[in-house]
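Here's a quick briefing for anyone opening this structure for the first time. Have a look at it, then work through the notes below.

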Amino acid sequence: MVYFSPGKMLISHGRAAEQNCLAFLELCNNLPKLSQLHTYILKLGLHSNPLVLTKFASISSGLNAICYASSFLFAPDAKLHLYDTFLFNTVIRAYAETSDLKHSAISYYKAMVKDCILPNKFTYPFVLKACAGLRKLNLGQSLHGSVLKYGFGDDTHVLNTMIHMYCSCPGGIEFARILFEEMPKCDSVSWSAMIGGYAKLGMSIEAVQLFREMQISGVRPDEITMVSVLSACTDLGALDLGKWVSAYIEREKVEKSVELSNALIDMFAKCGDVEEALMLFRDMKDKNIVSWTSLIDGMAMHGRGTEGISLFEEMKSSGIVPDDVSFIGLLTACSHSRLVEEGRRHFDSMTKEYGILPKIEHYGCMVDLLSRAGLIKEALEFVHKMPIKPNPIIWRTLITACRAHGELKLSEKIARKIIKDEPMLESNYVLLSNIYAKMLQWQKKTTIREVMAKKGIRKIPGSTMIELDNQIYEFVAGDKSHIQHSEIYRMVEEIGKKMKMAGYVAATSEVLLDIDDEDKEDVLHWHSEKLAIAFALLKTPPGTSIRIVKNLRVCGDCHSAIKFISKIYNREIVMRDRNRFHHFKNGQCSCTDFW
DNA sequence: ATAGGGTTAG
């Protein structure tokens, strides 16, 4: 234990004072004695000493330290001297790294420039980082101007941070790309920043494309680049590419940080190979809570809820204390596997044993858990009793469950309510329109379509992606853009005939879900997942499994059709939809029709 | 003294 007592400190001067003070600050790390320390530093006249100040700002790494550090700048006898840039940099950095105070970093930067204190090459990475956190494009652009004005337009560190800043600001990605293209020489950080920028925005195709260009460029990707590429693979559901990245990491001996291993686990789980995710996880020496949570989430998505729960218990036994995110994974695992009692119990233990205040996501999981299992009344009561105002996601969860359990009147009522709350959100109308389809009330369905058209709201088209021979193909319903489309459509017809012979009957209410009247006959078989599967049947050897990724939830008709296809063509078909995985095999689906 | 990264309800 270190006790602090300023009175006993040896007050000395000059270099000795500095050394003394630094040593003392080292001792005082983590001690909440900042105000005494502050007095002490002023007494020694060391408040403009850059080394002392940096040390001071870094200890406790908290708000207080930053406030005291910045107060030195305005001490009555503060003198402007050679080190002032350094002083400002210290304060700007401290603020830039404090989540809620990034705007203060900008204020100090502005104050600095106003006082004619020249920024140096260390100033801008800090300032730009703060700007990235604030996500203000126009501020970023003006900082960009200053960077050029002060002559740091060819500093790689500064430019890399600027790419990151542009990628973080809405509407900035194009500016980032221009900057990136114009850079005299890019290093792996530049590439990672740009690839990561695309990946974060969900521009995963661009991220992967850029990674291919990076390989041609000869800059060696490092583990951080790989994390960004993997997150693009995860988004696309591109398992082959993900596997290639994984092999590359082994081959090139890229350092496997915990983050990289976690990204691999997440990729394998979300691209459909949860067994590989599990193996990787078991091989990890240092796991953290993210590793566990990623795998639990993976189990949840694949409907392997019991294993998700065991992992959660195992995590606790290993000494990791669950956090709010891991509870989301656990509760999702329960709801997707109809483990109602387990879900309830864990929800209670979250507050009672771990003191975690449930967030809207946790309530959402519970509403899903109950309503999906058919306990609609209880789910409704739960919504009315919860202490947070239910959000549209909660209402949509209820609507979907009501529809699945035949409570059409109730789902109509809720759907009308959320349209009132969010009149411009397309998915609200689609829900109501689907309810009318199920009620066979075509007139009302048409009216909804007309209302949407009048408001200029368009439905997001369903699309399905498939990865074949290092290419990613995307199909949308009724799509005829593919070169081989006539062959594909013939295949769909053939599949249709075989399915009928096997006893398949189209579920009309579902088939007509999202289709305009004039297209009704045409689109019967043309949902994007059917096109993608027909394509895969044409292009892949018999007996191999087929993996597809859908952007929306699979419709009931496609779900039953794919069951037939898996049997007729003797193929395992793995499908990821918006919510979860379906493994079709021999006429059955792993979700046991519980989705 | 400076830059880029992993899990989050339907």
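Let's start with one term: buried means under 20% relative accessible area, exposed means over 50%, and partly exposed is in between (1.4 Å probe, protein chains only). With 1% relative accessibility, Ile 249 counts as buried, and 52% of the 595 residues of chain A do too. This is a predicted model, where local features need pLDDT of at least 70, side-chain atom pairs count only at pLDDT 80 or more, and totals for chains, interfaces and linings use all residues; side-chain values use heavy atoms, with hydrogens and water left out. Residues are numbered from 1 along each chain as its sequence is written, while chains are lettered from A and ligands numbered from 1 in the order in which they are written.

**Chain A overall**

- Chain A holds 31 helices and six strands; helices (H or I, at least four residues) and strands (E, at least two) are DSSP runs, numbered from the N terminus.
- Of the contacts in chain A with a separation of 6 or more, 64% are between residues 24 or more positions apart (contact means heavy atoms within 4.5 Å).

**How confident is the model?**

- The average pLDDT of chain A is 88, and 85% of the residues score at least 70; pLDDT is the predictor's confidence in each residue, from 0 to 100.
- Over residues 1-13 the pLDDT is below 50, and this stretch has 18 contacts in the model beyond near neighbours in sequence.
- Residues 513-522 also stay under 50 in pLDDT, and the model has 17 contacts for them beyond four places in sequence.

**Around DNA strand B**

- DNA strand B is surrounded by 52 residues, and the closest are Asn 160, Ser 192, Ser 257, Asn 262 and Asn 288; a residue is near a molecule or strand if one of its heavy atoms lies within 4 Å of it.
- By class, that surface has 15 nonpolar, 21 polar and 16 charged residues. Ala, Val, Leu, Ile, Met, Phe, Trp, Tyr, Cys and Pro count as nonpolar, Asp, Glu, Lys and Arg as charged, and the others, Gly among them, as polar.
- Looking at the atoms of DNA strand B within 4 Å of the protein, 44% belong to sugar or phosphate and the rest to bases.
- For Ser 294, an N or O atom in the side chain is 3.4 Å from a sugar or linking oxygen of DNA strand B.

**Helix H14 and Ile 249**

- The expected span is 1.5 Å times one less than the number of residues.
- Which residues of H14 are buried? They are Leu 239, Leu 241, Gly 242, Val 245, Ser 246, Tyr 248 and Ile 249.
- Those buried residues pack against helices H12 (204-217), H13 (223-236) and H15 (258-270), plus strands E1 (463-468) and E3 (546-550).
- Leaving aside neighbours within four places in sequence, Ile 249 is in contact with Met 226, Leu 230, Val 254, Lys 256, Leu 260 and Leu 264.
- Just after H14, Lys 253 takes a positive phi of about 50 degrees.

- H24 (residues 408-421) has 14 residues and reaches 20 Å from its first C-alpha to its last, close to the 20 Å expected.
- Buried residues of H24 include Leu 408, Leu 410, Ile 414 and Ile 418. The buried residues of H24 pack against helices H22 (376-385), H23 (392-404), H25 (426-438) and H26 (442-455).
- In H31, the buried residues include Cys 558, His 559, Ile 562 and Ile 565, and the helix is followed by Asn 570, whose phi is positive, near 50 degrees.

- Thr 85 is in helix H5 (residues 84-96) and is buried, with a relative accessible area of 13%. A polar atom of the Thr 85 side chain lies 2.8 Å from the backbone oxygen of Leu 118.
- Ala 130 is in helix H7 (residues 123-134) and counts as buried at 0% relative accessibility. Ala 130 and Tyr 95 are 35 residues apart in sequence and 7.8 Å apart in space, C-alpha to C-alpha.

Notes. Polar contact = N/O pair within 3.5 Å; in protein donor to acceptor, adjacent residues only side chain to side chain.
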